[in-house]
Amino acid sequence: MNWNQILLALHLIFIATGLGLSFSNFINTRLSLEKTGDMAKGLGLQRLAVARIGDGVIAGIWITGLALWSLLGVASPNGWFHAKLAFVVLLTLAHILARRTGGVMLREGKPELMARLSLFIGAGWLSAVIAVVLAVLAFET
């Protein structure tokens, strides 16, 4: 096993963790639409914890991805690779918008933003799934 393989494994672990966290948060927001009181508060605290972990996961995806790109290089990136990068940017944007919306909900007590939060979290998860599929197509041997 060489350092490139270790870096690739770490990159894949970050991606898998991010997929799981975003799917979990999406389910959480769907459940939260129906809950009030202590149940809603508990789900909100869980979302906040997952979102904070997600910040590190997104950073890990970017850092390991850029490191792999610089170490292994892509001689001539194909269209699949460019599309993958676009979906990674979309994933990052959806995460930022979800964090911002969640922050407004928490600070200003606006539960009516839950549907928007769910949309951003779902968009992040779907972007990550599409980015993984496009990565497989981009690096097809």
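How do the axes of α3 and α4 cross, and within what distance do they come? In this predicted model, the two axes come within 8 Å and cross at roughly 160 degrees. Axes here are lines fitted to C-alpha atoms, for helices over the stretch in contact, with angles from 0 to 180 degrees between N-to-C directions. The crossing angle makes α3 roughly antiparallel to α4 (under 35 degrees counts as roughly parallel, over 145 as roughly antiparallel, 65 to 115 as roughly perpendicular and the rest as oblique). The crossing of α3 and α4 is left-handed, a term used if the near helix is turned anticlockwise from the far one by less than a right angle, with clockwise giving right-handed. In the contact of α3 with α4, the residues divide into 23 nonpolar, four polar and two charged. Nonpolar covers Ala, Val, Leu, Ile, Met, Phe, Trp, Tyr, Cys and Pro, charged covers Asp, Glu, Lys and Arg, and polar covers the others, Gly among them.

Residues are numbered from 1 along each chain as its sequence is written. Because the model is predicted, local features need pLDDT of at least 70 and side-chain atom pairs count only at pLDDT 80 or more, while totals for chains, interfaces and linings use all residues; side-chain values use heavy atoms, with hydrogens and water left out.

The protein has four helices and zero strands, and along the sequence the pattern reads α-α-α-α. Helices (H or I, at least four residues) and strands (E, at least two) are DSSP runs, numbered from the N terminus. Taken along the principal axes, the C-alpha atoms fill a box of roughly 55 × 30 × 20 Å. Of the 141 residues in the protein, 33% are buried (under 20% relative accessible area, with exposed over 50% and partly exposed in between, for a 1.4 Å probe and protein chains only).

The structure holds two salt bridges, each defined as a side-chain nitrogen of Lys or Arg within 4 Å of a carboxyl oxygen of Asp or Glu. One joins the side chains of Asp55 and Arg99 at 2.9 Å, N to O. Asp55 lies in helix α2 (residues 37–72) and Arg99 in helix α3 (residues 79–108), so this pair ties together parts that are 44 residues apart in sequence. Asp55 is partly exposed at 31% relative accessible area, and Arg99 is partly exposed at 27%. In the other salt bridge, the side chains of Lys110 and Glu108 meet at 3.2 Å, N to O. Lys110 is partly exposed at 31%, as is Glu108 at 47%.

A search of the whole structure finds two aromatic pairs. Rings of Phe, Tyr and Trp (its six-membered ring) pair if their centres lie within 6.5 Å; planes under 30 degrees apart count as stacked, over 60 as edge-to-face and the rest as tilted. One of the pairs, Phe23 with Trp125, is tilted, at 5.5 Å centre to centre and 50 degrees between the planes. Phe23 lies in helix α1 (residues 3–32) and Trp125 in helix α4 (residues 114–138), so the pair ties together parts that are 102 residues apart in sequence. Phe23 counts as partly exposed at 40% relative accessibility, and Trp125 counts as partly exposed at 29%.

Leu85 has its place in helix α3 and is partly exposed, with a relative accessible area of 23%. Leu85 and Leu134 are 49 residues apart in sequence and 8.9 Å apart in space, C-alpha to C-alpha.
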